[in-house]
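Here is a short briefing on one protein chain. Please look over the sequence and the model before reading the points.

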Amino acid sequence: MDEVLIASVLASTLRVSAPLLLCAMAGVLSERAGVVDLGLEGKMLFAAFAAAAAASVTQSTGYGLLAGIGVACIASLLHGLACVSNRGDQVVSGVALNMIAAGLTVVLGIAWFQQGGQTPPIPPEVRLTAVAPGFAEPQPGSWFASVFGHGLLSHNMLVYAAFLMVVAVWFFLERTRPGLRLRAVGENPAMVEAAGMSVQGLRYQALLMNGVLCGLAGAYLTLAQNASFSPNMTAGRGFIALAAMIFGKWKPLPTMGACLLFGFLDAVAIRMQGVQLPGIGEVPVQLIQALPYILTVVLLAGFIGSAIAPKALGKPYVKER
């Protein structure tokens with residue numbers, strides 16, 4: 001039974017971590033360019049609703065993914081319009097985006113589908129399925145089929161894409177000229193402007209990439225993890241991804257480690273439901289459900305002061321005359 005437990009926890013960790021990774025990488029790109037993005041939660045929610053609505057109406061996975069990415073990119077551009085072009089408060093803009101998403105997705109869901117804010121169930125043939133369906137369940141007595149097969153090969157393409165995206169974002173930021181320019185915008189935008197490049201243009205590019213990743217994260221929730229959209233289904237994942245990004249000090253690889261830590265804790269919490277502990281009794285379900293959020297608060301309280309953010313983060317750039 002050990003191999004079954006290990007395989008189940010490993011598989012759950014990777015599945016739960018995937019949307020966190022995509023969302024956290026989106027935050028890394030935006031904030032390394034100097035734009036605070038508290039609206040990750042709202043973008044994910046918008047994308048989840050758009051992907052579920054498009055997929056259920058068109059019966060197409062591709063259209064669902066495109067709808068999620070498109071809506072998240074529009075939300076990112078609106079954030080940029082408020083903060084980059086008009087130099088508004090970036091924190092207020094992000095919070096407003098979250099509030100609009102929480103309300104508008106429910107209103108549109110009720111108006112379009114009359115199901116209390118939910119979308120119709122997405123058929124199994126439209127949802128993202130495992131790359132290797134034969135390993136959908138762990139095999140008792142076989143470590144290879146359980147741990148390697150079920151634990152690592154039983155996922156859909158977006159899970160693997162999320163981990164590949166970590167490497168891609170790291171390579172982009174650390175090994176390419178456009179990535180160097182993006183980092184420079186977050187550290188010294190005046191120098192970038194003096195070199196003849198547009199600070200606003202580079203920040204909008206970062207926000208568009210941010211929107212693509214948030215769109216994939218939201219689409220994952222409805223096309224892979226769940227069968228339909230439900231109100232506020234992101235359940236704070238955007239803020240957990242933000243905490244992972246800060247814990248990782250705005251660097252892709254440490255941020256991935258933080259996301260895996262959150263995913264592991266969530267996977268273990270699921271397995272602990274109903275477990276009897278000696279001297280304590282059954283672990284309360286409410287405590288188990290609160291564990292990821294408690295860890296978020298602990299990490300933010302312990303590391304937000306020691307983490308060194310990009311120097312121009314949250315500061316609107318005013319072009320010198």
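This is a predicted model: local features need pLDDT of at least 70, side-chain atom pairs count only at pLDDT 80 or more; totals for chains, interfaces and linings use all residues.

Residues are numbered from 1 along each chain as its sequence is written, and side-chain values use heavy atoms, with hydrogens and water left out.

**Annotated spans**
- The unreviewed UniProt entry annotates "transmembrane region" at residues 6–28, 63–84, 91–113, 152–173, 206–223, 255–273 and 293–313. Such annotations may be inferred rather than shown by experiment.
- Residues 63–84 are 100% helix and 0% strand, with end C-alpha atoms 30 Å apart. Helices here are DSSP runs (H or I, at least four residues), and strands are E runs of at least two, numbered from the N terminus.
- Residues 152–173 are 86% helix and 0% strand, and their end C-alpha atoms lie 28 Å apart.

**Nonpolar cores**
- The largest nonpolar core has 69 residues. A core is a set of buried Ala, Val, Leu, Ile, Met, Phe, Trp, Tyr and Cys residues joined through side-chain atoms within 4.5 Å. Buried means under 20% relative accessible area, exposed over 50%, and partly exposed in between (1.4 Å probe, protein chains only).
- Val169, Leu173, Leu213, Tyr220, Leu223, Phe229 and Phe262 touch the most other members.
- Apart from this core lies another, of 6 residues, including Val185 and Tyr317.

**Helix 2 against helix 9**
- The axes of helix 2 (residues 40–58) and helix 9 (residues 199–225) come within 7 Å and cross at roughly 55°. Axes are lines fitted to C-alpha atoms over the stretch in contact, and angles run from 0 to 180 degrees between N-to-C directions.
- The two helices are therefore oblique to each other. Angles under 35 degrees count as roughly parallel, over 145 as roughly antiparallel, 65 to 115 as roughly perpendicular and the rest as oblique.
- Contact (heavy atoms within 4.5 Å) involves residues including Ala51 and Ala55 of helix 2 and Gly218 and Leu223 of helix 9.

**Helix 10 and positive phi**
- Helix 10 (residues 237–247) has 9 of its 11 residues buried, so it is largely enclosed by the rest of the structure.
- Just after helix 10, Lys249 takes a positive phi of about 55°.
- Trp250 also has a positive phi, about 65°. Trp250 is buried, at 6% relative accessible area.
- Gln59, in the loop between helix 2 and helix 3 (61–85), has a phi near 60°. Gln59 is partly exposed, at 42% relative accessibility.
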